[in-house]
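Work through the exercises below with the structure open beside the text. Each task is followed by its solution in steps.

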Number of protein chains: 2
Amino acid sequence: MTQVLHRGPAAPPRLRVELQPTGRRVDVEAGSDLLSAVQAAAVGIVAVCGGHGACGSCKVRVVRGDLAPPTDAERSLLGPGELAGGFRLACQARVLSDCTVGIPEGSLSASQRLAFEGGGVAVGADTPVLPVDVEVEPPGLGDLRSDAARLLDAIAATNGLRPEVDVPVLAQLPTRLRAEGWSVRAVVSQPERGLPRLVGVLPPGTEPLGLAVDLGTTKLAAYLVSMESGTTLAQAGAMNPQIAFGEDVMSRITRANESPANARLLRDSVVEALGSLVEQLCAQSGRSYYDIVDAVVVGNTAMHHLLLGLPVRQLGEAPYVPAASDPVEAPAASIGLRLNPGAPCYLPPNIAGFVGADHVAMVLAAGLGSTERTVLGLDIGTNTEISLSYRGHLRSCSTASGPAFEGARIRQGMRAAPGAVEHVRYVGDRFLVQTVDNAPAIGICGSGILDAVAEARKAGVLDSRGALSRQHPLVWRSEHGPSCLLVGADQAGNGRDIFFTRSDVNEIQLAKGAVRAGTKVLLAEAGITEEALDEVVMAGAFGTYLDVGSAVAIGMLPAVPLDRYRQIGNGAGRGAVEMLVSRDQRSLAREVAKRSEYIELTVYPGFVDIFADSLPL
Amino acid sequence: MTQVLHRGPAAPPRLRVELQPTGRRVDVEAGSDLLSAVQAAAVGIVAVCGGHGACGSCKVRVVRGDLAPPTDAERSLLGPGELAGGFRLACQARVLSDCTVGIPEGSLSASQRLAFEGGGVAVGADTPVLPVDVEVEPPGLGDLRSDAARLLDAIAATNGLRPEVDVPVLAQLPTRLRAEGWSVRAVVSQPERGLPRLVGVLPPGTEPLGLAVDLGTTKLAAYLVSMESGTTLAQAGAMNPQIAFGEDVMSRITRANESPANARLLRDSVVEALGSLVEQLCAQSGRSYYDIVDAVVVGNTAMHHLLLGLPVRQLGEAPYVPAASDPVEAPAASIGLRLNPGAPCYLPPNIAGFVGADHVAMVLAAGLGSTERTVLGLDIGTNTEISLSYRGHLRSCSTASGPAFEGARIRQGMRAAPGAVEHVRYVGDRFLVQTVDNAPAIGICGSGILDAVAEARKAGVLDSRGALSRQHPLVWRSEHGPSCLLVGADQAGNGRDIFFTRSDVNEIQLAKGAVRAGTKVLLAEAGITEEALDEVVMAGAFGTYLDVGSAVAIGMLPAVPLDRYRQIGNGAGRGAVEMLVSRDQRSLAREVAKRSEYIELTVYPGFVDIFADSLPL
């Protein structure tokens with residue numbers, strides 16, 4: 001036995017705090033606040049007022065362990081229901097024992113939220129690709145079967161399948177079979193429709209991989225997925241290089257219509273970007289492109305058409321019909337993707353000209369495709385696609401919410417890059433802001449301007465029409481019209497005032513009005529009111545970043561309790577991964593696209609009035 | 001009533017002669033000989049002695065009408081059975097009434113025989129492509145279906161089919177549907193296996209076309225066929241440009257193995273040649289490549305592999321196995337063929353490394369695929385493929401007969417071009433010859449050297465070992481060894497003696513020995529002798545040109561009555577056309593390739609002895 005003598009005052013005991021859902025652990029001194037603990041664990045948490053108990057944005061939920069009783073600030077900023085449910089403000093709650101604390105998605109900073117994307121999905125018997133390990137009989141004078149025939153015979157002897165073999169796979173066989181000493185892992189695709197096909201011949205025991213891509217108008221996201229475990233092994237993102245041809249879908253359609261060479265350029269630019277994403281994924285995971293034997297690409301209808309080389313003229317002219325809406329399966333090589341030469345690429349169905357396969361993917365990821373509950377799903381972007389499932393009936397619409405949520409057309413707008421104001425709280429008589437990566441403020445991103453408008457409205461700085469109160473000390477008439485200060489030049493990263501203007505507010509009104517009007521139409525068509533919603537699922541980058549409370553406050557989102565909201569991150573990407581590893585999900589996508597009732601808002605009776613009624617804050 | 005007064009001697013009455021199988025008609029004076037009639041009708045007929053009743057080569061068969069009684073020459077040159085069967089010598093038989101005369105294939109000159117190729121084939125319910133005329137509902141704000149969906153709905157409403165649509169066809173739809181005012185002829189493929197696919201969208205009422213190609217080592221033959229009537233609308237031929245890489249299959253395999261770039265060059269050269277054939281066919285028929293919605297390409301296994309970009313290394317090394325033997329269906333565009341962008345290209349199965357799809361096609365064209373009769377089929381060329389059907393059991397082999405039959409390795413050998421000696425008869429004490437197009441003799445083609453050897457043997461100029469008799473006045477020792485004069489320099493087109501040498505005879509012995517030995521093995525495997533053969537079908541250019549009597553005389557072909565022989569011209573091309581218009585024929589091809597028992601002669605017990613026994617003349 002060793003006796004340890006303490007000299008001097010005892011150090012405070014170290015306590016362990018476990019953070020959910022990441023499972024990250026951190027040791028802190030007894031009596032520390034949870035905000036310090038979370039920050040020490042390098043988990044990005046929203047704390048607009050900087051930890052002064054003033055803004056209420058650093059909400060967490062205590063799952064286990066003892067903490068000091070709620071402070072006055074917590075009692076004032078949290079509702080009694082929240083307190084009873086274990087919610088605390090991280091900056092106020094002090095740790096008295098080892099504990100486990102959950103961080104709601106709404107309290108995570110934008111970059112942190114994205115880190116949750118692309119988690120694993122389950123792989124079942126409905127896997128689209130089946131690896132079959134076979135020992136192939138080598139040829140000899142007494143056995144002159146072709147390479148393909150002897151491989152197929154071996155596969156049939158192993159599992160009874162006799163897949164078709166296309167030329168790109170046939171071309172690999174002689175070399176590959178001999179290089180592997182006639183012992184290989186054949187990968188057989190079991191498509192949703194049609195005959196099974198041999199899609200790749202890998203070294204024995206190789207885990208086959210799949211590629212899922214969300215081809216967004218602005219961003220590309222790619223996921224490398226194990227087709228055996230469903231685990232996402234690597235993910236990578238990039239801007240869509242087609243931005244050089246126009247920020248929005250319509251301007252790209254116009255460019256593509258100018259000449260076949262332009263359409264080709266649009267296509268080539270995105271194919272090249274996807275190629276470099278695939279390279280990144282392979283480098284990250286230490287795997288070969290050759291092991292990628294299946295792919296799913298989702299995108300809106302225009303992205304889908306441009307990638308496949310389909311004409312887009314009819315997409316850009318009333319009545320805006322797609323060339324194709326059914327699922328497409330094409331050789332990945334024919335699209336220009338460098339995967340295993342035999343890999344197919346699956347593009348899920350489109351619902352309509354402005355409701356594409358990316359929304360179908362989001363509908364799947366959000367569980368709207370197979371629910372009897374009443375669920376609203378929104379994929380908010382330049383175009384916002386909305387679906388409502390009510391009693392198993394799906395209705396969809398698309399609404400032109402404009403680029404304001406992406407920071408465009410906002411005087412000091414910017415993307416959610418470091419230094420962008422992403423959260424705003426009005427405390428006392430001024431605005432407190434939190435920026436991306438806590439860098440000094442240089443502009444405002446979509447969630448920041450949304451917060452700013454909601455807080456300004458609550459504080460009476462704005463009226464319901466969006467007019468700024470001239471009486472308020474932060475409001476002045478700048479060269480850009482009535483303006484409201486968020487961050488003084490002395491605090492800003494670029495030495496200039498960060499403010500928003502009346503016309504910024506109007507942009508937000510137009511955007512939120514469009515989203516609200518679309519929602520109202522779907523509810524009206526279903527014959528229900530928003531109280532009937534069991535759940536509201538928000539997908540997409542902005543739908544994930546935004547403060548749901550603020551969006552509800554300005555009337556953009558239905559006024560249902562916040563715990564009915566779910567923010568699922570890149571739903572399109574997740575849906576793509578689900579379809580990648582599941583034939584059932586592909587069938588469900590086909591079925592969803594088919595039974596989804598598309599409502600064209602531009603010709604919906606009374607839509608202009610519904611839209612006008614949705615504008616006030 | 002008009003009375004006609006004859007003044008002076010009456011002109012001899014004009015009589016009508018109808019020639020079969022062409023149906024061509026010609027009017028001649030009473031008492032004319034049939035040879036003049038046939039020549040007047042511009043039908044190429046063999047008449048080696050020039051119409052002097054000396055050689056017996058201008059055999060015809062009288063179907064109907066009166067002729068003068070047989071001459072002494074006929075009685076001596078035709079057997080009693082032939083005379084009883086209506087056979088006459090055209091140069092001797094004089095016309096006494098209107099008559100109908102059949103010209104057996106063996107009496108037609110080479111160029112004339114080829115003119116019979118590519119006749120129509122019947123199109124039945126098993127047509128691989130089904131034209132569907134549809135009126136498509138144009139889109140409107142109340143009907144936002146995609147272009148593809150509305151077309152598919154219209155097709156389904158018309159005939160219940162709902163075909164798959166691949167990207168190349170999707171890409172045509174928006175433009176094509178609008179250009180045709182929403183009234184189109186959709187062409188649906190009904191593949192042998194797998195789902196129906198939309199392969200083209202044509203202007204309403206357009207007759208869909210198909211392309212059949214025989215991809216020979218030496219020659220390419222292409223046929224443009226109506227997929228509605230089965231009629232061959234145009235045909236065109238060209239040399240295989242791969243000849244620049246080597247005359248025979250093995251040397252091309254060697255070149256392809258040297259580098260991927262070489263393999264690519266081999267592929268590109270033949271793809272380019274096919275492209276120019278397609279252009280010729282379109283120009284000849286006044287049709288557009290866009291109307292070609294299906295294709296069938298047959299070739300030997302090496303041609304097949306090189307066209308598809310499959311590796312050929314294993315084809316060139318023992319045990320010579322193909323990469324693929326099953327039928328392949330690939331987009332024509334992926335092979336580099338410029339047809340309708342949606343057109344598939346079907347490549348029938350190969351039997352073995354040296355028995356390719358061209359032989360399968362020939363087996364179909366010859367009716368060997370579905371017969372209970374005992375039929376031998378030979379496709380004679382540099383490699384000779386032989387199949388024997390006995391009691392429904394098919395056996396095949398391939399034998400290296402060498403290029404002698406194509407005029408190669410023969411001292412004065414040449415292809416069957418104008419001036420090539422193609423027929424030889426020994427009459428009196430000298431050789432009489434007929435040349436291609438009756439041009440002055442400049443060399444000897446395969447059928448000519450075969451005839452020369454057979455006639456020389458009959459005349460005792462040659463012994464059974466192939467030695468030339470020094471006693472014969474036409475034999476002398478030239479600088480090339482013992483030689484035998486065919487055409488004197490004064491008669492020749494190039495002012496030089498046309499002769500054959502002992503080593504030419506030996507080349508023919510090796511070639512005919514290989515063919516005979518292969519035939520013997522197949523007969524032995526079936527346990528029958530040649531007398532059991534109900535029919536012997538000869539295909540390929542040389543198999544069509546050659547004089548069957550001569551080939552039998554030198555022991556190359558089985559000694560069965562000549563009326564059991566059938567020369568079908570380009571059987572591979574005809575089989576390709578049959579598969580082009582018939583799914584049943586494609587299924588039969590698959591079945592034939594599967595159940596055909598391939599016998600590898602190089603390892604066949606005692607083959608060397610069988611071959612040696614087959615050499616004597």
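**Exercise 1. Find how many residues lie between β11(A) and β12(A) in their hairpin, and state which residue in the turn has a positive phi.**

Solution. This is a predicted model. Begin with the two strands: β11 covers residues 219–226 of chain A and β12 covers residues 232–239. They run antiparallel and are joined by 7 bridges. One pair to locate is Ala222(A) with its bridge partner in β12(A), Ala236(A). Then go to the turn: 5 residues separate the strands of this hairpin, and Gly230(A) has a positive phi of about 80 degrees.

**Exercise 2. Give the strand order of the open sheet of 5 strands in chain A, and explain why β2(A) and β4(A) each have a side without a neighbour.**

Solution. Reading across the sheet, the order is β2-β1-β5-β3-β4, and the pairing is mixed. β2 (24–29) and β4 (87–89) of chain A are at the edges with a single partner strand each, so one side of each has no neighbour in the sheet. On average, neighbouring strands here are turned by 40 degrees against each other, direction ignored. For a pair inside the order, take β3 (residues 59–64) and β5 (residues 99–102) of chain A, which are antiparallel and share 3 bridges. Arg61(A) has Gly102(A) in β5(A) as its bridge partner.

**Exercise 3. List the domains assigned to chain A, and state how far apart the C-alpha centres of domain 1 and domain 2 of chain A lie.**

Solution. The assignment gives domain 1 as 14–108 and domain 2 as 113–347. Domain 3 is made of 358–397, 523–575 and 588–613, while domain 4 is 410–506. For domain 1 and domain 2 of chain A, the C-alpha centres are 44 Å apart.

**Exercise 4. Describe the open sheet of 6 strands in chain A, and name the strands that α12(A) lies across.**

Solution. First write down the order, β26-β25-β16-β17-β18-β27, again with mixed pairing. The edge strands are β26 (565–567) and β27 (597–598) of chain A; each has a single partner strand, so one side of each lacks a neighbour in the sheet. Next look at β16 (residues 375–379) and β17 (residues 383–390) of chain A, an antiparallel pair with 5 bridges. Val375(A) is opposite Ser389(A) in β17(A). The loop between β17 and β18 (393–400) of chain A holds Arg391(A). Although Arg391(A) is not a glycine, it has a positive phi of about 50 degrees. Finally, place the helix: α12(A) lies across β16, β17 and β25 (535–539) of chain A, and runs at about 140 degrees to β16(A).

**Exercise 5. Work out at what angle α12 and α18 of chain A pack, and which residues meet there.**

Solution. Helix α12 spans residues 357–365 and helix α18 spans residues 583–595 of chain A; their angle is about 115 degrees and their axes are 10 Å apart. The crossing of α12(A) with α18(A) is right-handed. From α12(A), the residues are Val360(A), Val363(A) and Leu364(A). From α18(A), they are Gln585(A), Leu588(A), Ala589(A), Val592(A) and Ala593(A). Sorted by class, this contact has 7 nonpolar residues, 1 polar residue and no charged residues.

**Exercise 6. Locate the cis peptide bond of chain A and that of chain B.**

Solution. In chain A, the bond from Ala318(A) to Pro319(A) is cis, with omega near 5 degrees. Pro319(A) is in the loop between α10 (301–308) and β14 (328–331) of chain A. In chain B, the cis bond joins Ala318(B) and Pro319(B), with omega about 0 degrees. Pro319(B) is in the loop between α10 (301–308) and β14 of chain B.

**Exercise 7. Determine by what turn chain B can be laid on chain A, and describe the side of chain B that touches chain A.**

Now count the contact: 40 residues of chain B touch 40 residues of chain A. On the side of chain B, the elements giving two or more residues are α5 (147–159), α6 (167–170), α7 (173–179) and β14 (328–331). By class, that side has 24 nonpolar, 9 polar and 7 charged residues.

Note on methods
Residues numbered from 1 in each chain as written. Chains lettered and ligands numbered in written order. Predicted model: local features only at pLDDT ≥ 70, side-chain atom pairs only at ≥ 80, totals over all residues. Least-squares fit on C-alpha atoms with pLDDT ≥ 70 in both. Axes fitted to C-alpha atoms, helices over the stretch in contact; angles between N-to-C directions. Helix = DSSP H or I, 4+ residues; strand = E, 2+ residues; numbered from the N terminus. Left-handed = near helix turned anticlockwise from the far one by under 90°. Contact = placed C-beta atoms within 7 Å. Nonpolar A, V, L, I, M, F, W, Y, C, P; charged D, E, K, R; others polar. Pairing = 2+ DSSP bridges. Domains from an automatic or database assignment.
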